[in-house]
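Hi everyone, thanks for coming. Please take a look at the structure on the screen, and then I'll walk you through it.

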Amino acid sequence: MSRPVPPSDPLGEELDHHLAQLREERLARGDTPEEAERLARAKLGNRTTIHESVFELQPFGGAATRYFRFAARTLFRDKSVYFVAVGILALGMAMSMAMFSLTDAVLLRPLPFPKQNDLFVIWKADPLAGSHIEELAYPELGDLQQNIRSFAHAAVMPTSLYGYARVLQLPGAEPVQIESTPVSHDYFRVLGVTPALGRDFTAGDEHPGAAPVVILSDCVWRTHLGADPKIVGRMIRLNGSGHTVIGVLPPGAEFPRGAGLWIPLGVDERIVTRRGMTFLQAIARVKPGTAPEPISGEVKALFHRLAQEHPDVYSRSQQAVVTPLTEYWVGSARLHLWILLAASLLLLLASNISAANLLLSRTLSRRTEIATRLAIGAGRNQILAQLAAEGALVALLASGAGLVLAEGLIRLLVRWAPPDIPRLASASVDWDSFGFAAALAALAALACTVIPGWAATRLPLESAIREGSGRSSHSRHGNRTRNLFILAQAAVTVVLLAMAALLGTSYYALLTADTGFANRDAVSLNLQMRGPGTLSGVDPQARKAFYTRLLDRLRAAPGVSSAAAVLLRPLEGNIGWDVSYEFESEAGSRESRVLPKANYEVVTPGYFKTVGTPLLEGRDFTDHDTEETEPVVIISEPLADRIRATGHNPIGHRLRLGIGPARWSTVVGITAPARYRNVTQPGADLFVPCRQAAPPTNYVVIRGSRPVQELVSLVRRTLAEFDPSQAAGRVATLGELLDANTARHGFNMIVLTCFGICAAILAATGIYSVVAGAMAARRREIAIRIALGAERSCLVRELVARPLAFSLLGQLLGILCVVSLGAGVSDLLYGVKVTNPRLLTAVVALLFLLSFAAAWRPAWTVAGSDPKSSLRAD
Amino acid sequence: MPEDQHPVDILQGTLNMLILQVLVQGPANGYEIARSIEQRSQDLLQVEHGSLYPALRRLETKGFIKAQWRVSPTNRRARYYALTPAGRKQVTLEHSRWRTLVQAITRVMRPAGA
């Protein structure tokens with residue numbers, strides 16, 4: 001006997017065979033074929049039922065398939081409920097996953113360096129002089145290396161990226177500016193980066209008179225040098241002098257971000273020896289297994305000792321600041337992202353509560369169905385399994401949709417987010433966060449289908465069928481749960497809305513803040529004169545003459561209304577040229593090391609007019625303020641106020657600056673206050689005419705009636721004509737600089753506003769569904785009361801009172817949370833306090849009105865309905 | 001079919017026992033099992049043939065019978081069921097259980113005073 005292969009549908013074939021035999025049996029008895037067919041089928045019974053009852057028997061697989069098929073049918077039948085629940089869950093999941101993935105990419109994922117937690121950045125602060133960042137000088141690297149035993153390697157680098165760009169001149173190409181960083185030779189050993197090509201710096205590369213060498217970033221090597229594999233050992237021209245390429249870094253290892261070249265720092269006698277030449281910060285790697293806390297203490301003690309050993313250079317109030325590199329790298333983005341993450345978790349919670357509420361009301365209203373099925377013989381477990389399948393299906397659909405949505409959201413956010421957040425572009429959906437969100441959604445969906453379902457199966461059958469959606473104690477219990485959901489949701493929503501309102505107000509304050517720069521259309525370019533050498537390499541006189549000629553030419557060009565030059569343009573970074581100053585009226589009253597500091601700018605005549613900073617009193621600089629004439633200075637309003645406070649007229653008063661020769665300069669003008677470091681940070685500024693100052697002017701600012709692009713190419717053309725070895729870079733209008741500075745605030749505000757709106761809609765739907773559900777359950781009772789002449793308004797009041805009371809209670813709880821936890825976000829706020837009573841009242845009022853409308857609408861409709869039709873419907 | 005008796009449905013829970021008993025004679029397919037039950041009861045027991053299959057699957061899961069695809073006498077592919085050793089033991093067990101049940105029910109159902 002041969003053994004045929006088992007068929008794909010064994011039961012089907014078995015039944016076919018069975019049917020055929022029955023048919024033959026009937027035919028043998030003399031029935032007509034039609035009759036035989038009919039009788040055979042009758043004998044066998046309903047094939048679907050057979051299939052189903054066999055499926056039922058199979059362990060998991062078959063039964064589950066059947067439950068899910070049935071669940072899918074239920075979902076489609078009650079689309080309005082289930083798909084809204086799925087949508088709500090998916091939205092909440094997507095938003096929280098997207099935010100988590102971004103946070104993860106920026107805050108939690110390791111830096112491109114090995115053992116990142118062993119890396120620290122070191123600088124100093126001087127609380128007495130009110131300065132957060134006091135830079136180090138090169139000799140302090142030696143102090144650190146000799147005294148701190150737990151350092152494996154230490155190096156120094158400039159505190160800022162700007163100001164060190166070099167002009168790369170390649171044969172047959174326009175000269176380009178490339179950001180570069182001069183570093184001490186152990187720098188890459190500190191970071192733990194080994195060049196992909198060539199070698200690292202050695203001590204032999206870093207001494208005065210050493211042959212100039214350079215290490216390139218992967219990006220520069222590819223973009224400008226055609227990824228030449230034989231680049232090591234070749235000479236390239238930087239700032240007009242030849243440098244030997246000794247190495248190329250692996251991709252993604254650029255630090256600081258944006259740098260394209262690294263050159264040895266200690267090749268200038270002045271840098272290596274002078275303790276007063278402060279422009280550096282140290283970066284150190286501790287030996288493996290060293291605890292971070294003692295390091296900070298040791299470094300602090302060292303700098304304290306140094307201040308005593310060198311009282312002529314260091315202030316006694318200086319303190320070391322030791323920051324883990326991870327924190328330094330992420331910087332102020334940290335707080336912004338944590339806030340967004342917290343907000344997205346709240347939204348996830350709100351969406352879960354909302355979906356749970358919907359599912360709960362749906363299951364409660366199916367008690368009649370459940371009771372009927374129990375009555376006709378369905379098993380309790382079968383019904384629970386069925387409900388669980390529905391819950392699981394909702395969670396599954398929501399997870400799928402959420403995942404797709406999250407992926408899209410991440411792409412959108414990455415494109416839209418401010419560009420200065422490091423590592424943001426590497427964000428992608430994080431599977432842990434997906435697991436978390438999906439588990440939460442599954443929990444909510446299952447809990448809200450199975451638990452009420454279980455309660456329903458324990459009801460006395462007969463009463464459940466009769467009163468189905470009725471008035472038993474269980475339904476009251478269900479309503480209490482739903483009211484608690486309303487409370488929780490209102491609390492979460494108020495927190496989100498309050499955060500959104502606070503950030504919105506704060507952002508508005510930022511946008512309307514008087515930054516002191518009225519001309520958003522003024523274009524600025526970095527045009528630092530480059531020559532060989534680390535510091536400048538350009539003769540100051542030649543540089544000044546060059547700038548004068550360049551500006552004269554630009555001003556004379558058609559369509560240019562003004563052009564000027566400045567040392568450091570507004571909003572270029574957190575660190576600028578801060579100098580100490582002393583008024584004549586208080587001369588000698590303070591120790592020189594604790595003099596106050598102000599932002600120092602070197603400007604050409606016409607600068608204020610170009611950037612749009614109003615001159616409040618006195619005059620602008622002119623071409624007659626030269627090396628030979630009396631030294632003059634222009635101060636900003638906060639400084640003028642300090643002079644006025646001493647009873648003097650600021651104009652004509654004299655002050656002494658802690659830079660350059662100790663000369664007294666006369667105040668000739670007062671400008672409106674301007675925000676050079678940060679839009680949120682008002683400060684005091686000192687301006688010195690370029691011809692009387694030693695520091696160079698590095699940025700050209702130009703404004704005119706012509707489009708920005710034309711102005712930029714005009715500057716580039718003029719520059720190429722005067723000195724083809726120079727290049728302009730970092731092109732930006734003042735408007736762009738201002739926007740970039742407030743971009744994070746704007747981004748946060750928009751994201752949180754979206755979250756807030758979503759949460760408010762969810763809260764309103766929640767209340768609506770609770771009231772509408774209660775309405776449906778009490779339809780008969782309400783109809784009877786209307787028939788008996790109950791007042792419509794009375795009824796409505798009774799129906800909406802409880803859900804609204806719970807909502808209000810939740811809102812107050814939320815406000816309490818905001819007020820008590822608000823201190824943590826106050827750093828993010830500008831011009832508004834967390835406890836602003838008007839704003840919080842407005843948020844509560846808005847949400848209450850929304851809730852009221854959502855509750856009132858179904859109640860009013862039901863209370864006004866015709867009692868006859870309601871009663872007849874039963 | 002005897003004249004004075006009407007066909008009855010199979011008593012709940014006895015179908016398994018009947019199937020196992022039929023298979024004592026040797027392997028059979030679904031149709032043959034159903035027919036065998038009907039014939040041996042002289043058509044007094046009416047089997048809804050479809051209800052056999054869930055019972056067969058249940059017995060299979062419990063390990064009392066095993067199934068095999070073979071070619072039937074009418075030259076078609078059919079699934080043949082056969083008793084396993086465990087199934088044979090089960091048949092004796094069912095026999096004694098059935099006898100006890102019949103005796104008990106008969107005692108209860110004896111007409112009063114008889």
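A bit of housekeeping. This is a predicted model, so to speak: local features need pLDDT of at least 70, side-chain atom pairs count only at pLDDT 80 or more, and totals for chains, interfaces and linings use all residues. Residues are numbered from 1 along each chain as its sequence is written, chains are lettered from A and ligands numbered from 1 in the order in which they are written, and side-chain values use heavy atoms, with hydrogens and water left out.

Okay, chain A. Its secondary structure comes to 26 helices and 24 strands; helices (H or I, at least four residues) and strands (E, at least two) are DSSP runs, numbered from the N terminus. Chain A has 874 residues, and 53% of them count as buried, where buried means under 20% relative accessible area, exposed over 50%, and partly exposed in between (1.4 Å probe, protein chains only). Take contacts, meaning heavy atoms within 4.5 Å. In chain A, among those between residues at least 6 apart in sequence, 80% join residues at least 24 apart.

Now chain B. Here we have 114 residues, 41% of them buried. There are four helices and five strands, and from the N terminus on they run β-α-β-α-β-α-β-β-α. For the contacts in chain B between residues at least 6 apart, the share joining residues at least 24 apart is 50%.

So how do the chains meet? On the chain B side, 27 residues are in contact with 27 residues of chain A. The two chains bury about 2,400 Å² between them, 56% of it on carbon and sulfur atoms; that's the accessible area (1.4 Å probe) lost on being put together, summed over both. In chain B, the residues that lose the most area to chain A are B:Y31, B:W69 and B:R77, together 31% of what that side buries.

How many salt bridges cross this interface? The rule finds four, taking a side-chain nitrogen of Lys or Arg within 4 Å of a carboxyl oxygen of Asp or Glu. One pairs B:R57 with A:E14, with the closest N and O atoms 3.4 Å apart. As for where chain B touches chain A, the elements giving two or more residues are α2 (30-40), α3 (52-62), β4 (65-71) and β5 (77-83) of chain B.

Next, helix α1 of chain B, residues 15-24. This helix is mostly covered, with seven of its 10 residues buried. Those are B:L15, B:N16, B:M17, B:I19, B:L20, B:V22 and B:L23. What do they pack against? In chain B, that's β2 (28-29), α2, α3, β4, β5 and α4 (85-109). Just after α1(B), B:G26 takes a positive phi of about 135°.

Last stop, A:D625. You'll find A:D625 in the loop between β18 (615-618) and β19 (632-636) of chain A. Buried or exposed? A:D625 counts as buried because its relative accessibility is 5%. Its side chain makes a polar contact of 3.0 Å with the side chain of A:R619. By polar contact I mean a pair of N or O atoms within 3.5 Å; within protein, one must be able to donate a hydrogen and the other to accept it, and residues adjacent in sequence count only if both atoms are side-chain atoms. The backbone nitrogen of A:T622 also lies 2.9 Å from a polar atom of the A:D625 side chain.
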